[in-house]
Amino acid sequence: MKPINRREFLRTLGYGAASFAGAHLLSACNTFLPQTSPRPFEGEPDVEIRLTAKPGQVPIFPGAPTNVWRYEAVVQMGPAESIQTIPGSYLGPIFNLKTGTNLRVHFANELPEESVVHWHGLHVPDHADGHPRLAIPGSETYTYNFTVMDRAGTYWYHPHPHGITGPQVHRGLAGLFLIHDDQERALGLPDGDRDLPMVIQDRVFDAENQLVYDPSVMGMYGDRILVNGTPDYELDVDRGAYRLRLLNGSNARIYKLAWEDGTPLQVIGTEGGLLEAPIEKKVITLAPAQRLELWVDFGRWNAGETVSMVNLPSSAVGGDEGFPIFTAKVRESEREDARLLEVFPRHDALELGDAVNANEPRVFVLGMGMGMRWMINGRTFEMTDVARDERVRLGDAEVWEFVNQGMGGGMMGGMNQAHPMHIHGLQFKVLGRQVDPRGAQVYDSLKDGFVDAGWHDTVLVTPGERVRLLMRFTDFEGLYMYHCHNLEHEDMGMMRNYRVA
Ligand SMILES: [Cu+2]
């Protein structure tokens, strides 16, 4: 890896004097935000759902069922298709909603401990964001009211109570939240049974088929891969086009995914919805909480053939060996005429020139402090604490820079671990990356799989890397969070508040 000097880095980011003076790195079309009310809606919702978190049992392996915690949902008002359960899975039901929907969710906590629901990736008022200060004890209910404002895409929901998010997600609490809009529908992408959610998770089970939660400071890594809650996941496909929505729902594991035969992957979407154009990749890197959408023409394989998506070895923790993720079996069928549009509608609504503080990005240094605590700028999480450099102004666009000290991080050297950094309440752009070539093994092994185009709510910051992001704080004042989405890092303090005012 060639070292990048500071000047080159700035140029790459569009920070050179010439480019900063006028040129816009990103386009300025302002059409992507739907014209919905930024306030909590008044009156009756379009869709009302009762979402319950409670202990249950599911058959995962032959023999004894597995004790899990799971979400269940009932539609109390609105179309029944607003939720879709995954039969036999511990995963929560899939929400299916249109942009502009006024949604009310009554969250009933029937767990033996406190919990709260975070709508991951959604632009919602702070009281609906699932901050841990809003966690409710068992047997209580919390009502969320918000308008679904985001673009069509693959979002998700999961618990966010302080210090126990990792174990709650590990027990099974997570579900997809799919948003649809007219722009997406006009593209004619594969839908119905050709639109396949794929939630990838790793778990440890004991000899009695029970989940074992035994994390280290590196996080909780499992030795069994589950897709949609099923081990050794297989699906039958026709020889036509499919849309695969991949979510890394794992607590800590970073995947480096590829088709086993080297067939290129057509990436059409990221966390914040569809890209402006498909991107072809040999491999894709998927860090915890990240989503990537693929367009796949299974007609390129012959009837009767199977093709597996595999995890390739990497230098990420636990990445020493490759293994299969799922296998598609191509049915006896005629090859269909399947073609992917080359260009999707544009949807950029942020330009670097909007970032008034662009010369001085907010810098957040990721590392480990005394007592094996993961830290951001030398601080760990305190429930409502907001430092001076964590206050932003409503309406501002800003550049944030996450710096992973890697082995240079003092005591324990930051453990040389990558951190998938998540910012609540918005979608951001990735402006650029700079890496210290000393000790960049993790970066080198994963960089070919990065998809930095498009909109994101989670970005992987590998050891020795500085990653710059562009974002705007719109519509809602209040208390939001930014944190590492390695859930054990998060539970060990690698989380902070930011306040929009
Ligand atoms: Cu982390």
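A strand in these legends is a DSSP run of E at least two residues long, and strands are numbered from the N terminus. The model shown in every view is predicted.

**Figure 1. Strand β21 around T327.** T327 lies in strand β21, which covers residues 323–330. Leaving aside residues up to four places away in sequence, T327 touches E234, T306 and S308. One of these, T306, is 21 residues from T327 along the chain, and the C-alpha atoms of the two are separated by 6.6 Å.

**Figure 2. The whole chain, for orientation.** The chain has 6 helices and 31 strands. Of its 501 residues, 49% count as buried. Among the contacts with a separation of 6 or more, 77% are between residues 24 or more positions apart. The average pLDDT of the chain is 89, and 88% of the residues score at least 70. Over residues 1–37, pLDDT stays under 50, and the model has 50 contacts beyond four places in sequence for this stretch. Residues 409–413 also stay under 50 in pLDDT, with 10 contacts beyond four places in sequence.

**Figure 3. An open sheet of 7 strands.** The strand order is β12-β11-β10-β14-β19-β16-β17, and the pairing is mixed. Its edge strands, each pairing on one side only, are β12 (230–231) and β17 (273–281). Within the sheet, β14 (residues 241–248) and β19 run antiparallel and are joined by 7 bridges. Which residue of β19 stands opposite L244? The residue is L294.

Figure 4. L292 lies in strand β19. With 27 C-beta neighbours inside 10 Å, L292 counts as buried, because the cut-off is 20 or more. Not counting residues up to four places away in sequence, L292 touches L246, V267, G269, T270, I284, L286 and V451. G269 is 23 residues from L292 along the chain, while the C-alpha atoms of this pair are separated by 5.6 Å. For L294, the contacts counted in this way are L244, L246, L265, Q266, V267 and I268. The largest nonpolar core has 127 residues, and L294 is among those that touch the most other members, together with I200, L469 and L470. In soluble globular proteins, nonpolar side chains tend to be buried together.

**Figure 5. Strand β6 and its pairing with β8.** Which way do the residues of β6 (residues 117–120) point? V117 and W119 point one way from the strand, H118 and H120 point the other way, and all are buried. Strand β6 is joined by 4 bridges to β8 (residues 153–159), and the two run antiparallel. The bridge partner of W119 in β8 is Y157.

**Figure 6. An open sheet of 5 strands.** The order is β24-β31-β30-β26-β28, with mixed pairing. The edge strands are β24 (391–392) and β28 (458–461), and each pairs on one side only. Strands β30 (residues 478–484) and β31 (residues 495–500) pair in the antiparallel sense, with 6 bridges between them. In this pair, M481 stands opposite N497 of β31.

Figure 7. A289 sits in the loop between β18 (284–286) and β19 (291–297). Is A289 buried or exposed? A289 has 24 C-beta neighbours inside 10 Å and therefore counts as buried. D475 has 20 C-beta neighbours inside 10 Å, so D475 counts as buried; the definition asks for 20 or more.

Conventions. Residues numbered from 1 in each chain as written. Predicted model: local features only at pLDDT ≥ 70, side-chain atom pairs only at ≥ 80, totals over all residues. Core = buried A, V, L, I, M, F, W, Y, C linked by C-beta atoms within 7 Å. Buried ≥ 20, exposed ≤ 12 C-beta atoms within 10 Å, placed from the backbone. Contact = placed C-beta atoms within 7 Å. Pairing = 2+ DSSP bridges. pLDDT = per-residue confidence, 0-100.
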